[in-house]
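Let's take a friendly walk through this model. Have the sequence and the 3D view open as you read.

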Amino acid sequence: PLAKSDFLKSPYKEAIEVVLGGKQGELVVNGEKYNNVMPAMSQLSDEEVGDILTYVVNSWGNPGGKVEEKQVAELRGSRKDLAQGE
């Protein structure tokens with residue numbers, strides 16, 4: 001689901017939420033349903049999350065872009081459930 005993914009588009013809010021908070025249950029990517037578990041990675045720093053997602057959005061035929069550390073920090077700061085180490 002990471003290749004040429006319609007899920008990985010700017011402003012990347014949903015992708016950041018999945019990395020920080022994890023995801024369980026159905027997710028539709030490029031019209032295909034997935035039902036797996038992605039554990040939360042809230043222990044990662046804002047910079048690490050931004051770097052990982054920047055790599056992903058620039059790989060496997062995705063459109064490219066940059067996920068800024070600031071974007072991750074703002075989302076994490078606005079959502080207590082995404083706090084570092086939670």
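## Glutamate 68

With a relative accessible area of 38%, glutamate 68 is partly exposed (buried is under 20% relative accessible area, exposed over 50% and partly exposed in between, using a 1.4 Å probe and protein chains only). You will find glutamate 68 in the loop between H2 and H3; helices (H or I, at least four residues) and strands (E, at least two) are DSSP runs, numbered from the N terminus. Its C-alpha atom is separated by 14 Å from that of glutamate 14, 54 residues apart along the chain.

A word on the source: this is a predicted model, where local features need pLDDT of at least 70 and side-chain atom pairs count only at pLDDT 80 or more, while totals for chains, interfaces and linings use all residues. Residues are numbered from 1 along each chain as its sequence is written, and side-chain values use heavy atoms, with hydrogens and water left out.

Which residues of helix H3 (residues 69-78) are buried? They are Val72, Leu75 and Arg76. These residues sit on the same side of H3 because they cover an arc of only 100° around the axis, taken from the directions from the helix axis to the C-beta atoms.

The buried residues of H3 pack against helix H1 (13-21) and helix H2 (46-57), where contact means heavy atoms within 4.5 Å. On the face turned away from the buried side, H3 carries the exposed residues Lys70, Gly77 and Ser78.
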